[in-house]
Amino acid sequence: MTRETYTNPVLNADWSDPDVVRVGDDFYLTASSFGRAPGLPLLHSRDLVNWTLVGHALERLEPAAEFRVPRHDCGVWAPALRWHDDRFWIFWGDPDQGIFQVNAPEIRGPWSRPHLVKEGKGLIDPCPLWDDETGEAYLVHAWAKSRAGVKNRLTGHRMHPEGTSVLDEGKVIVDGDRIPGWFTLEGPKLYQRDGWYWILAPAGGVETGWQGAFRARDFFGPYEARIVLEQRDTQVNGPHQGGWVRTPSGEDWFLHFQQRGAYGRVVHLQPMRWGAGGTSRSWGSPRSSEAESGGGAESGGGWPVIGDEGAPVLEHRRPDLPAQPSAAPAADDDFPGGRLGRQWSWTANPQDGLAPQHSADGLRLTCVRTAHAHDLRTLPNVLTQRLPGLPSAVEVELRLHSEEPGARAGLAVLGDAFAWIGLQRGADGAVHLVHRFAEPVAEKERDAAHPRLAPEGRARLRIEIGAGARCRFAYDVGDGPHPSGPVFAATPWRWVGALLGLFALAPVGTGHAGAAMFDEFRIRPLDPH
């Protein structure tokens, strides 16, 4: 990579199902956040390559009672980010509740409370469009078979111009079952260009799918379809689902994800232009030779050509935008004044009274009393951030300020399986360094290494995340660094990548159980040698 080029992925962590919009000279991106809170992360860039996290649009998930406990693969699915009427709008689907939206005059808020636009199960991946010429507003969404019993189709609605409701029962405007070879059509993004309605939507499944494009003269169809991005002979599997954005100078770019196992869905940036390439299929009316070729008087400049003639690029010339300093979403945290950086989210809606306490020397987490300390996957009070996509070393300083036998705190890798290393107060009154894990099928944790004394009640904890998200744990309790236990392979949930986590717990009982202090959280690249 040179100063004139960039290398994919541009966001090397689990920024799932990205969508992007430009307002003036600024680009903004949001992503799925599923059951974590705060949700709907908001990222900012000036060059489409370097991104920073500037906030979240969703403080708590709704209905709040449904997210008092972790629902790791539920909640916020595939949001669409738009700018309309001098406001930012985000629409998303909750597969168990329906289609929601929030809006704000500025990217940093204040954001409105979630508003239910369309109630129903299995309604996912919505995207709005306001037609400035006609004054009409539209909404397209996909379907989750796990809730609705159907999938592989896109439904279109007329929508109230204020984005508050749909105005009809909806019509299937793209039926993937009628396109030979297509399955799991989802994630639509809706646009207008040169008199055409365009839907960019993926199909074929998360890990191995492709990016499709659909166009019609009328929102309700009939639509023609083409595959415009697929893996081919590259190493980028399933390059699909994302958003199209145009720079002030008129360049077109497409941001999409790649599923990378425990790392989740990392984000790639692809060049995009308009040409006649690809193979189109139409339904609902006879095909014409012009529809087949993308040519003719009504072609509107043809079809999108993404990447290198439809194959993803790993390195490419940078967008024609002013040079920006290197940047990435924050990972390190010194917790100044006991405050959290924007990169942290809870595994469920935050519990009242359990917010981090103000402190001059790090993050102070209350040891939450629970009967489920044996399984971190079930707890709402685990503080998480995304697993880095490159080999990295994660470190944090921990002190346990609890006299309660069984009180514990630590650093975790959390997913369908989990492992953690930290401190626990023993029945003998001493503080021990402990390392525990649980397999995906296990209902509770067990030791990954023999406990040892931590005489000062503090430890420096370390996890080295190598190739394939294989994790090695280590600690220092004052006598130098020591490795701990065997290698642990991080695992994702079904739709969510593995997470790094901090927690503080205590057994069921009465009264205050003390706290844990975390400080100097660091993520550093591992030397490949």
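Predicted model: local features only at pLDDT ≥ 70, side-chain atom pairs only at ≥ 80, totals over all residues.
Leaving out residues up to four places away, Phe521 touches Ala331, Asp332, Asp333, Phe335, Trp344 and Gln385, along with Val394, Glu395, Val396, Leu411, Leu500 and Leu502. Phe521 also belongs to the largest nonpolar core, which has 48 residues. Leu461, Leu502, Phe518 and Phe521 are the residues with the most contacts inside that core.

**Around Phe219**

Let us turn to Phe219, which sits in the loop between strand E16 (210–216) and strand E17 (224–229). Is Phe219 buried or exposed? Its relative accessible area is 1%, so Phe219 is buried. Setting aside residues up to four places away in sequence, Phe219 touches Tyr138, Leu139, Gly156, His157, Ile173, Leu190 and Tyr197. The C-alpha atoms of Phe219 and Trp196 are separated by 8.5 Å, with the two residues 23 apart along the chain. Elsewhere, the charged end of Arg386 sits over the ring of Trp15, at 3.6 Å from its centre.

**Aromatic pairs**

How many aromatic pairs does a search of the whole structure find? The search gives 22. In one of them, the ring centres of Tyr6 and Trp253 are 6.2 Å apart and the planes meet at 65 degrees, so this pair counts as edge-to-face. It links distant parts of the chain, with Tyr6 in strand E1 (residues 5–7) and Trp253 in strand E19 (residues 252–259), 247 residues apart. Both Tyr6 and Trp253 are buried.

Trp89 and Trp130 form another aromatic pair, this one tilted. Here too distant parts of the chain are linked: Trp89 is in strand E7 (residues 87–94) and Trp130 in strand E10 (residues 123–130), 41 residues apart. Trp89 is buried because its relative accessible area is 6%, and Trp130 is buried with a value of 10%. The two pairs are set out below.

| Pair | Centre to centre | Angle between planes | Class |
|---|---|---|---|
| Tyr6 and Trp253 | 6.2 Å | 65 degrees | edge-to-face |
| Trp89 and Trp130 | 5.3 Å | 50 degrees | tilted |

There is also an aromatic cluster, formed by Tyr191, Trp198, Trp244, Trp274 and Trp303.

**A buried histidine**

His435 lies in strand E31 (residues 431–438). With a relative accessibility of 3%, His435 counts as buried, because buried means under 20%. What does the side chain of His435 make a polar contact with? The partner is the side chain of Ser484, at 2.8 Å. Apart from neighbours within four places in sequence, the residues in contact with His435 are Trp420, Ile421, Arg446, Asp447, Ala448, Ala449, Phe473, Ser484 and Gly485.

**Cysteines**

How many disulfides are there in the model? The count is 0. The cut-off behind that count is a pair of cysteine sulfur atoms within 2.5 Å. Cys74 counts as buried, at 13% relative accessibility, and so does Cys471, at 0%.

**Backbone details**

Two peptide bonds to proline deserve a look. The bond from Asn8 to Pro9 is cis, with omega near 0 degrees, and Pro9 is placed in the loop between E1 and strand E2 (19–23). Ala37 and Pro38 are likewise joined by a cis peptide bond, with omega about 0 degrees. Pro38 is in the loop between strand E3 (26–30) and strand E4 (39–45).

Positive phi values turn up at two aspartates. Asp85, a residue other than glycine, has a phi near 55 degrees. Asp85 is found in the loop between strand E6 (77–84) and E7, and it is exposed, with a relative accessible area of 57%. Asp125 also has a positive phi, of about 55 degrees, although it is not a glycine. Where does Asp125 lie? Its place is in strand E10. Is Asp125 buried or exposed? At a relative accessible area of 3%, Asp125 is buried.

Terms used:
Residues numbered from 1 in each chain as written. Heavy atoms only, no water. Buried < 20%, exposed > 50% of the residue type's maximum accessible area, 1.4 Å probe, protein only. Core = buried A, V, L, I, M, F, W, Y, C linked by side-chain atoms within 4.5 Å. Contact = heavy atoms within 4.5 Å. Helix = DSSP H or I, 4+ residues; strand = E, 2+ residues; numbered from the N terminus. Polar contact = N/O pair within 3.5 Å; in protein donor to acceptor, adjacent residues only side chain to side chain. Phe/Tyr/Trp six-rings, centres within 6.5 Å; stacked < 30°, edge-to-face > 60°. Lys NZ or Arg CZ within 6 Å of the ring centre and 35° of its normal.
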